[in-house]
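Below are some notes for a colleague who is opening this entry for the first time. Please read them with the model on screen.

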Amino acid sequence: MRIDTLVGILTLLLHYYTLTLPPSTISYFIIVHDPMVAGLESNPSWLPVATSKTNARVIIDRHTIYNDNIVHQENPLIQQSIWEHCRPSQKGIITSPSGHVDVEQVWLDTYRICCNSGTSAFNVKKMMPEKVSELQKLCIVRELRSGDSGMLSRDYLFSPTHSLNSELCMILQERYFLLPDVNYASAGEVSVTDCVKEIPADEYEARTTPWTIGHSFDPTKVVTAHEVAFAPKGDYSANVSIWFDSEPIKLEPSQIKRSRRLKQKKKSAAKHTAPNANGGLISCTTNTDFPSGYPKIDPFVCMLPANNDDESHGLIMSIIEHRINCIIIEDCSSFVTEEQITMVYAGLNKLKESFVSLFKFHEKNMWPKREGMTQVNRFTKAPPSNTMPYIGSDKTSPCIHNWKSFVEMIGLMNASTDTMPTSDTDSRRLDTFKSFCKPSGKSTLPRIKAWWAYDASYDTWREVVLKLPENGNWQAAIRLHEKKKALNSTGTRDTPLSTIHFVQNETVNSKKV
């Protein structure tokens, strides 16, 4: 990928943030380095993108997978693979004959998937009733995903430490709960704290150990809850979920490495399917996933919204809380008043309005998938590179306007509204980088000094992208570079280049540089 392409992506990001569009519109957070950037051996400036924990002191864009995937996410609250394969109504996108999305059905499916209702983690029917009821599960999820504890799954750097059902995983949090008996005498008197109650670890040990003084022995009245991640955030196999009464096994570093090698070896020889193709909320792509079988209690799979903000996560939690109130009223059907039923329906309509508004706004800024790339497997060919973003055949798509406004902003196309980018790749390059290829031959870019030398990188990129100010350090570096290029007929390979942050005086003799 050329550096002007990377800068173009960075410019697009700045453009959309200027227009206060959501992060899902374009989600490439890229730190561009000159390959010749200077740096200490103990702290190099050139670092690869890492989504898992490494030995590097600086992790570049830990959420790169999440940022890439949400560009094509159709539902603002649900991962794309789950939305394609796990909708309770039917699989695939529901559209009317006129081509418009059935928003009513989209809302119903979204509500049920957020509550794990109508579909299960592994799409396997349980023959026996579970120890934890649906109401108790949702109450536990509410405790784990609300407040500060809910931030653990929103920003984590994947580092596996345990094994769960023969899968490497990272434990985000571990909690213990008491399952008391609830007297549904009146719906107005039953609350979430009556359904589940958090207890400390020592009390849990006492209630699950016979002949312990202080607490009665009854393992059926207590449960553990582990919030677990199996891969980096945004990966289809991350499967961020809450497991009940599970027993994660702590692994040593050598065991983790061995488990990774064995898993990779088995997967390379197994038959692959699309993520969530079996209809389960837990993504399984081969028969080597979760080989130890299914747990006795179905885990609760948490949804990952396209916008990692409080509004989207708050809407998911509001849906879960509404479902809790509905179950309480259903269990108290003999004592429910008309006022309580009216409040439930009013709350449902309010949630629907919030979702529809979010969905329509998200739909306008979602970038469509390339034709033929809706179902990707190991035989799918990679799309062409170094080209303009894919727009598709739908001339009414909002992405056409988004692309045109971006190109017009950086001055890469004419002001005509019906003009599309041509096949001439040079016409789409930034003027700054065109100058390095004129009059002929290739040239080396001015060197960017290490990040700790001067805290002015923002001003530099502002000058490169927005050309403000007109005569800043970047333009001075270009003039000095062109002067050295003219003096050295053999090229600039043997001539040290000036920095962006500390541009040398143009009057200095080039031999002293």
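1. Phe-290 is a reasonable place to begin. In this predicted model, Phe-290 has a relative accessibility of 6% and so counts as buried. Its ring partner is Trp-243: the two form a stacked aromatic pair, with 6.0 Å from centre to centre and 20° between the planes. Trp-243 is buried as well, at a relative accessible area of 1%. Since Trp-243 belongs to strand 5 and Phe-290 to the loop between helix 8 and strand 7, the pair ties together parts of the chain that are 47 residues apart in sequence.

2. How many aromatic pairs does the structure hold? The count is 10. One of them joins Phe-122 and Tyr-294, and this pair is tilted, at 4.8 Å centre to centre with 40° between the planes. Phe-122 sits in the loop between helix 4 and helix 5, while Tyr-294 sits in the loop between helix 8 (253-269) and strand 7, so that distant parts of the chain, 172 residues apart, are linked. Phe-122 counts as buried because its relative accessibility is 3%. One aromatic cluster takes in Phe-122, Phe-230, Trp-243, Phe-290 and Tyr-294.

3. Strand 5, the strand of Trp-243, covers residues 241-244. Ser-241 and Trp-243 point one way from the strand, Ile-242 and Phe-244 point the other way, and all of them are buried. Side chains in a regular strand alternate between the two faces of the sheet.

4. Which strands pair with strand 5? Strand 4 (residues 222-229) runs antiparallel to strand 5, and 4 bridges join them. In this pairing Ala-225 stands opposite Phe-244. Strand 7 (residues 300-301) also pairs with strand 5 in the antiparallel sense, over 2 bridges. There, Ser-241 stands opposite Val-301.

5. Leu-138 is a residue of helix 5 (residues 134-145). With a relative accessible area of 1%, Leu-138 is buried. Beyond its neighbours within four places in sequence, Leu-138 is in contact with Cys-115, Phe-300, Ile-320, Arg-323, Ile-324 and Ile-327. Leu-138 and Phe-300 are separated by 162 residues in sequence, yet their C-alpha atoms are 8.5 Å apart.

6. The structure contains 0 disulfides. Cys-139 takes part in none; the nearest cysteine sulfur belongs to Cys-195 and is 4.2 Å away. Cys-139 has 0% relative accessibility and therefore counts as buried. Cys-284 is buried too, at a relative accessible area of 13%.

7. Asn-116 has a phi near 55°, a positive value in a residue other than glycine. Asn-116 lies in the loop between helix 4 (103-114) and helix 5, and at 16% relative accessibility it counts as buried. Ser-166, which is not a glycine either, has a positive phi of about 65°. Ser-166 lies in the loop between strand 1 (162-164) and strand 2 (167-178). Is Ser-166 buried or partly exposed? Its relative accessible area is 43%, so Ser-166 is partly exposed.

8. For the chain as a whole, there are 14 helices and 7 strands. Of the 513 residues, 45% are buried. The accessible surface comes to about 28300 Å², and carbon and sulfur atoms account for 54% of that. Among contacts in the chain with a separation of 6 or more, 66% are between residues 24 or more positions apart.

9. On confidence, the average pLDDT of the chain is 75, and 66% of the residues score at least 70. Over residues 11-38 the pLDDT is below 50, and this stretch has 66 contacts in the model beyond near neighbours in sequence. Residues 490-513 also stay under 50 in pLDDT, and the model has 49 contacts for them beyond four places in sequence.

Technical notes. Residues numbered from 1 in each chain as written. Predicted model: local features only at pLDDT ≥ 70, side-chain atom pairs only at ≥ 80, totals over all residues. Heavy atoms only, no water. pLDDT = per-residue confidence, 0-100. Contact = heavy atoms within 4.5 Å. Buried < 20%, exposed > 50% of the residue type's maximum accessible area, 1.4 Å probe, protein only. Helix = DSSP H or I, 4+ residues; strand = E, 2+ residues; numbered from the N terminus. Pairing = 2+ DSSP bridges. Areas by Shrake-Rupley, 256 points an atom, 1.4 Å probe, with all protein chains shown as cover. Disulfide = S-S within 2.5 Å. Phe/Tyr/Trp six-rings, centres within 6.5 Å; stacked < 30°, edge-to-face > 60°.
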